[in-house]
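Dear colleague,

My notes on what was found in it follow directly after.

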Amino acid sequence: MTKKTEIDQLKLLAKRFAHAERSNHRDALDAIAAELNFPHWKALTVKASQGWIPSEENLTKVDAFVREYFPSLGGKPQFIEQSMSRPIGEPIKVGKIDGHAYQVFEFSGDIRMEGDGWRILIGEADFSQPVVEIETTHKETSPAKNRGFVDKALEVAETQAVKARAGIASDWPRRSTKPNAKGEVVHPIHGDRAAEWFCLHCDGKMTGAQIAENLWHCPSCGASPLDIFTSPWWLEGSDVQPTAVEYAKDRKRPEPKVEVVDSRPTLRLDEQSISLLLRIALLEDANTPGERLGALLAEINVDDENDAWITFDEDLWPDDKDTGSAIAVADKLGVKLEFVMTCMTFPFTWPGLGHVTTSTREYVEMMLHAYEEHGVVLREGVDE
Ligand SMILES: [Zn+2]
């Protein structure tokens, strides 16, 4: 192997790094040189002109470094495929901050870092706002109450987010994240090319550089790349004008939003859940097909004070019918229960048939027979 080849290998790796990092080639060369303990690329080339050759070990080191950002290097699957195929509970990083254990997970470019009773969420877009969630059950004891801890955790999460973003950029064409001389960029998904882009979500208008810089998420509202188009076609014939997206040049990631959340499973005892529970109790009380129809068709009303009344069809639910389960369930739920009988519309003729057997099969058999004998059976799609 000649000297030129090894330096060329480093240059090639720098090119991949620049693509993933959305940086220029020179910065990437400096980053590669820094990995080999040179102050910058120039210093490396000076040393090389004096006969220094990167060793096999040097090349391996740089290759491993670049691979962190460009995971599909050397024929490996793309970043997104690696992300999707990783088992859901498998962290990409584990560690401890001030004695508190954490795990970092990545899914489809988004980062979730979590410890006991806290988590940090960072979206794939460069300027997405990190969210710090503290479980209400841990709100007095969580280390995430401490800003110093949160800052350290954010630094860890951010390092992983940078790699995830690099991975995404490495999957996309270089022109998707680096405008050409005319300021044009190529949409990473549908491949359109333009210097000006529009957000379907907020009607924002942005330059190719702006949208590329935020990994194709709207810099104004955060909408996904799928909502970004070369023309505001949805505004055709409307008075709304797209508004140019503006922000400071040295824009930084926003401060994290800290929220106390309760992600425990929550049972909301509202009208919907109370009536559902009462109805399954009625189904348990029902013995015959007629009663089961009665349970299904009963009107269950729950008022503001969570008291409930159930209206049955007198043909479907016998007056003296035992409603032990419904009463017991109402009791458990702290609901005062009342029963009302009325005459509703029975779905099939000869309601009495619904009560002569407990078997639905037998009931259907008898009912079909009665209709065939005394009426008519129309089968949709068969009889006209
Ligand atoms: Zn937008």
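S3 and strand S4 (residues 118-122) pair in the antiparallel sense over five bridges. Strands here are DSSP runs of E with at least two residues, helices are runs of H or I with at least four residues, and both are numbered from the N terminus. Two strands are said to pair if DSSP finds at least two bridges between them.

Please note that this is a predicted model, in which local features need pLDDT of at least 70 and side-chain atom pairs count only at pLDDT 80 or more, while totals for chains, interfaces and linings use all residues. Residues are numbered from 1 along each chain as its sequence is written.

To return to the strands, Met 113 has Ile 120 in S4 as its bridge partner. S3 and S4 make a hairpin with two residues between them, and Gly 117 in that turn has a positive phi of about 80°. S3 (residues 110-115) also pairs with strand S2 (residues 100-107), in the antiparallel sense and over five bridges. Here Met 113 in S3 is the bridge partner of Val 104. S2 and S3 likewise form a hairpin with two residues between them, and Ser 108 in the turn has a positive phi of about 55°.

A further group of four strands forms an open sheet with mixed pairing, in the order S10-S8-S9-S11. Its edge strands, each pairing on one side only, are strand S10 (228-229) and strand S11 (243-244). Strand S8 (residues 196-199) and strand S9 (residues 204-207) pair in the antiparallel sense over three bridges. Within this pair, Thr 207 in S9 is the bridge partner of Glu 196.

As regards the overall division, the chain is assigned domain 1 (3-70), domain 2 (82-171), domain 3 (175-235) and domain 4 (271-374). These bounds come from an automatic or database domain assignment. The centres of domain 1 and domain 4, taken over C-alpha atoms, are separated by 77 Å.

Finally, which helix holds Ala 33? Ala 33 is found in helix H2 (residues 25-35). Ala 33 counts as buried because it has 21 C-beta neighbours inside 10 Å; the term requires 20 or more other C-beta atoms within 10 Å of the residue's own, with C-beta atoms placed from the backbone. Leaving aside neighbours within four places in sequence, Ala 33 is in contact (C-beta atoms, placed from the backbone, within 7 Å) with Phe 38, His 40, Trp 41, Ala 43 and Leu 44. Ala 33 and Ala 43 lie ten residues apart in sequence and 8.1 Å apart in space, C-alpha to C-alpha.

Conventions: Buried ≥ 20, exposed ≤ 12 C-beta atoms within 10 Å, placed from the backbone. Contact = placed C-beta atoms within 7 Å.
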